[in-house]
Amino acid sequence: MNIVVLAKLVPDLVEELTIDASGAALDMTFARLIINELDDHAIEQSILLKERSGGQVTVITLDLEGADDVLFTAAAKGADRLIKIKGDFAGGVSNHALARACATIVKELQPDLVLTGVQAHNDIDGSAGPLLAECLGMPYVGYVHGIAISDGKSKVLKEYPGGLVAELDVVLPAVLGVQASEQPPRYVAVSKVRQVMKTSKIEERSASEWDANGAPIIGRMFQPEASTHATMITGNADDVATKLVGIFKEFGVL
Amino acid sequence: MSTEVVEQSFYEKVLEATPRGERLRLCLECGNCSGICPFGYLMVYPPSRLIAALRADRFEKALSTDAIWMCVSCYACTAVCPSQIPLTPGLMARTKEELLLAGNVPSELQNALANSQRYGNPLGESPRKRADWTNGISPEIKILGKTKQPVDILWFVGDYPSYHPRVQSTAKALVKILNALGVNFAILGPEESSDGDSQRMAGERGLFEMLADKNGKAFSKYQFNEIITTDPHAYNALKNEYPRLGISYPVRHYTTFLAGYLDQIKPLLKSEVKAKITYHDPCYLGRANGIFEEPRALLEAIPGVELLEMTHNHTNSLCCGGGGGGMWLDGFQWEKAHTRLSEWRVREALSVGANVLAVACPYETPRFEDAAKTVQGAAQLKVRDIAELLVEAMENERGEI
C-alpha cells in the first residue's frame, strides 16, 4: 500500500491575525504557520494504516516556514518519504494552485491512496482534497473517520450531519478527506524527532506550474465589524414586555 | 531486542543521566518509597516494585502499565530512601521517558508537551504575549530585549505567573514588593520560555533540553548579577539542571531572596493581617532543595499572623498533585484515583484551624482554590501566595504602600 498525504501549513490562530496594507490578504509578516489540524489527523491515519497492514507513507507539503518541522515530525511518527514543494508562494496559496502543483508530483508516486484533511480554516477556494482528486482523475470521499484496507479495496467510514455514518466501498486509488483519525495524533518525543532529523532526507521538488485559475479574486478581507442594529431594551420585566409588544405591533407581527 | 538489552540500557541511562544514579544498585527493597508515595496504593509499580522488576528481568511488564503516570515527582520517596537513591529524578523520570518513547502517554499530557514545544509554555498561549500581564503596571516593568541595560536582578517570571489569570496576581504582588524594596530588576518577557522542569520530570528530557537551550541563549544576551524565580520548579531547573547543560547563573527562589531583605521588609508591613495561616511546603522548594525556614520567616514577619503547622510539614509535606506532569493530568488522575491530593491538603489545613493556606509555588494557588470548592467546610479557606500576603500587609486601605 502506497499512501501519500498532503499536509498544508496554515496561520496559527494562537497569534492574532492582521490584514495587510492591500486590505485583501492576511499580513504574513508576523503570522506563524502550523500544520492544519485535520492534516495532522490524515498523517496519523496513514501511520495507523501502515502499522496495521504495511506499506509506504509519503508526506508532501509546500516549502513554507515550519515545513521541515512538519515533515521530520511525520518521519518520527513513521513516514518513509518526505517531499517539500519549492516555489514562490509570496502571492498566497490557493487550493486550486496547490492541487495542480501537487497532482504532478503525486501522479509520479503512483499512490494507492491519497489522504488529506477534509478542510482547513484558510480554504477560501474550497477544500484541497476534491480539487486534488479532480486533477488526479480519482474518486473523492470526504468527512472520513475510519479506513480499512484489504485486497486492494477500501472500506471507508464517512460522517454525515445528524450523527449518521455511512460505510462505503471505495475503489482505489482514491483521495480521502480525513475528518478524524481513528486515534488522536500521537506525540513524538523531541529526542526522537532530533534523531530522525539526522537520518531522514527531505526531497525537494519544484512546482512545475502554479496556476490559481478558478480561485476567487478577493476584493476585501476584514475583521468582524460591529454593527449598530441591536437595540437594548431596559427596565423591569413588565416594561420590557410592554415595549416588546409595541415593537412587534409596529412590525406587524402581532 | 532482548529483555536483557533493554534493562542494561535502562540502567545505563539512569546511571549516566542522574547524579548518584549508581545508587540504584543499592536498593534494600525496604519498601519505604512505596509506602510514603501519596499515590502508591494505585501505582501498580511504585518505586520499590519497579526496581524489583528490573532485577527480576521483568521491566517490560512494568512499561505496559500507565499507572506510572500517577507519579507526581514529589520527592517523597527520595526523601525517605535509606540508600539515598535518586528515585524521583532517576528511576521515575527515566521510566516515564521510556513510556513516552513507546507512545504510552495520556493525551492530556501530550497537549501540554506539544504546547511547550511549539509555544514555549504548556498552556498553549502566544509566546509574544508572555509579558502582557505587565500592561498597565506603573512604573513600567523593564523588559531586557527593549531596555538592553544591565540590571541587578533578572526575574524569571515563569509560565503560570505570566499567563494564568489567577497566578498573575502573584506576579503583580511580587512587582509591588520588588519596587517597594528598590530592587533594580527586569524580565525577559517574550524571550522567556518555560523552564521545562516539569516536562523533564514527565519524561520529556529532549524538550527540557530544547527549552533550557532557548533560555540559556536569552540569558547570555544580557547583563545581570542574579536570577530570581517565582516558581520552585524553575528554581530547581536553574540551580540543579541547567548547570549540567552549561547554563550556570546564581539563582534564588523569591522567598529566599526576600528573606535576605527581612530587615527592610518588616517596617513596610504596617497593616495587621489577622489570620491563622498554615504554610504548604512546595515539593521543589522544600524536599527537593531544603528551603523550609525562609518562607516561614516571611510569614511570621506579618503582624497579626498566627502560623500553624499541618500534620505533613517540612520534609514530610504533601504534594499538591501538580508535579511531574500532574499539572496536566487532572482528568487522568481523577479517573484512576477519584480523589485529588490537593483536596487532602485542604482538609489538613482546615483540621488545624487555619483560615489561610499560604503557598509559594504557582501551581498551588489554582489547585488548592479548586480543591477548596469541593471540600466540605472549605468555602471560607483562602489560598494566598506569600507574595500576596506580604502586599496585603504592606498596603493601606487605599492600596498604597
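Tutor: A:Asp63 has a relative accessible area of 26% and is therefore partly exposed; the classes are buried under 20%, exposed over 50% and partly exposed in between, with a 1.4 Å probe and protein chains only. This is a predicted model, in which local features need pLDDT of at least 70 and side-chain atom pairs pLDDT 80 or more, while totals for chains, interfaces and linings use all residues. Residues are numbered from 1 along each chain as its sequence is written, chains are lettered from A and ligands numbered from 1 in the order in which they are written, and side-chain values use heavy atoms, without hydrogens and water.

A:Asp63 forms a salt bridge with A:Lys84, with 3.6 Å between the closest N and O atoms; the rule asks for a side-chain nitrogen of Lys or Arg within 4 Å of a carboxyl oxygen of Asp or Glu. A:Asp63 lies in the loop between E4 and helix H2 (67-77) of chain A and A:Lys84 in strand E5 of chain A, so the pair ties together parts 21 residues apart in sequence. Helices (H or I, at least four residues) and strands (E, at least two) are DSSP runs, numbered from the N terminus. A:Lys84 is buried because its relative accessible area is 8%.

E4 and E5 belong to an open sheet of 9 strands with mixed pairing, in the order E9-E8-E7-E10-E6-E1-E4-E5-E11 of chain A; strands pair if DSSP finds at least two bridges between them. Strand E9 (164-170) and strand E11 (202-206) of chain A are the edges, each pairing on one side only. On average, neighbouring strands are turned by 30° against each other, direction ignored. Helix H3 (residues 95-109) of chain A packs on this sheet and touches strands E1, E4, E5, E6 and E11 of chain A. The direction of H3 makes about 155° with that of E4(A); axes are lines fitted to C-alpha atoms, for helices over the stretch in contact, and angles run from 0 to 180 degrees between N-to-C directions.

A:Glu15 forms a salt bridge with B:Arg128, the closest N and O atoms being 3.2 Å apart.

Over all chains, 43 salt bridges are found. In one of them, the side chains of B:Lys221 and B:Glu191 meet at 2.5 Å, N to O. B:Lys221 sits in the loop between helix H12 (205-220) and strand E3 (224-229) of chain B, and B:Glu191, 30 residues away, in the loop between strand E2 (185-186) and helix H11 (197-201) of chain B. B:Lys221 counts as exposed at 53% relative accessibility, whereas B:Glu191, at 24%, is partly exposed. Back in chain A, salt bridges with shared partners join A:Asp63, A:Asp68, A:Lys84, A:Lys86 and A:Glu204 into one network.

Conventions. Contact = heavy atoms within 4.5 Å.
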